[in-house]
Amino acid sequence: MTLRARLGQPQILIAPGVYDGLTAAIATDAGFEALYLSGAAVAYTRLGRPDIGLSTASEMADTMALIADRTDLPVIMDADTGFGNALNARRTILTYERAGAAAVQIEDQTYPKRCGHLSDKSLISAVEMAGKIAAMADARRQDTLIIARTDAIAVEGIDAAIDRAGRYIDAGADVLFIEAPRNQAELGRIASTFKGKVPLLANMVEGGATPISSATTLQDLGFDIVIFPGGIVRSLARTAHDYYHSLKQAGSNTPFADRMYDFDGLNAVLGTPDMLAMGKRFDGTS
């Protein structure tokens, strides 16, 4: 089923964040129907840096291609600001399509951008953003969804965010993402304004500006997609912190053993036995 077809169904789509082939494979095995690859997650893991526009388009595309090698699920892919003007945005959607993205998300911040839940963001004009969306819609060669994100709530207020969002729909956006609503009232206003016009995406960031809501609550409001883009990185970073401190203190992994896969356990997750059996089948040793 395509991502567009799935969004036509009544049940909200939960898309967990992934950042490489391993997390994509584990999330797929957990039974999700779609995945989300954020620029933040790539910056956090590949660069060890914050989400302030440091991830490049090529780094994102390389990561997407590796994820596509490990899962058949549709992946929603973060394109930040399109990495430049409308011409850059056109090239970005084509590059992301080739890498395997099912949907491309673009936002109306200036470049370099920053995390939608950080302060002191700045925006390009609605006219320029609409041009980027139209350019991407014109350039795409597949049924790649365009997700238009506006960060206007924190900069210009909810009224301006609603206005910008309407313009982005008119420009050709397939999905709408109004970033960082500050309370349930703003979530409800977004849903009541745009429900039924295009699918709506909500972003759940632990400790961010938006109150954490369950998928069921968001579905009842009128949202169609909920993403948890950085949860896996925050979880693994905390685990890595505890692991390294435990190893330094104990000089052994024994105290941490109940929080780890052993050798065989990790190989089972990776599918090592199946891959070795496939190798034997094709090299004539089976």
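This is a predicted model: local features need pLDDT of at least 70, side-chain atom pairs count only at pLDDT 80 or more; totals for chains, interfaces and linings use all residues.
Let me begin with the largest pocket, which has a volume of about 690 Å³ and a lining made up of 20 residues. If you look towards its centre, the residues that lie nearest are Leu22, Leu236, Thr239, Arg259 and Tyr261. As for where the lining comes from, strand 1 (13-18), helix 2 (21-29) and helix 11 (231-250) each supply at least two residues, and helix 11 gives the largest share, with six residues. By residue class, the lining of the largest pocket divides into 15 nonpolar, three polar and two charged residues.

Now to the second largest pocket, where the space comes to about 200 Å³ and where 21 residues form the lining. Nearest the centre of this second largest pocket you will find Ala40, Asp51, Cys115, Asn203 and Pro229. Here the largest share of the lining is three residues, and these come from helix 3, residues 39-47. The lining of the second largest pocket splits into nine nonpolar, six polar and six charged residues.

Finally, let me move to Thr92, which sits in helix 5, residues 86-99. Is Thr92 buried or exposed? Its relative accessible area is 6%, and because the cut-off for buried is under 20%, Thr92 counts as buried. Leaving aside residues up to four places away in sequence, Thr92 touches Ala79, Gly82 and Phe83.

Definitions and conventions. Residues are numbered from 1 along each chain as its sequence is written. Side-chain values use heavy atoms; hydrogens and water are left out. On a 1 Å grid over the protein atoms alone, a cavity is a set of points where a 1.4 Å probe fits but cannot get out, and a pocket is an open set with protein on both sides within 12 Å along at least five of seven lines; lining residues have an atom within 4 Å of a point. Grid points are joined across faces, edges and corners, and a volume is the space filled by probe spheres set on the points. Helices (H or I, at least four residues) and strands (E, at least two) are DSSP runs, numbered from the N terminus. Ala, Val, Leu, Ile, Met, Phe, Trp, Tyr, Cys and Pro count as nonpolar, Asp, Glu, Lys and Arg as charged, and the others, Gly among them, as polar. Buried means under 20% relative accessible area, exposed over 50%, partly exposed in between (1.4 Å probe, protein chains only). Contact means heavy atoms within 4.5 Å.
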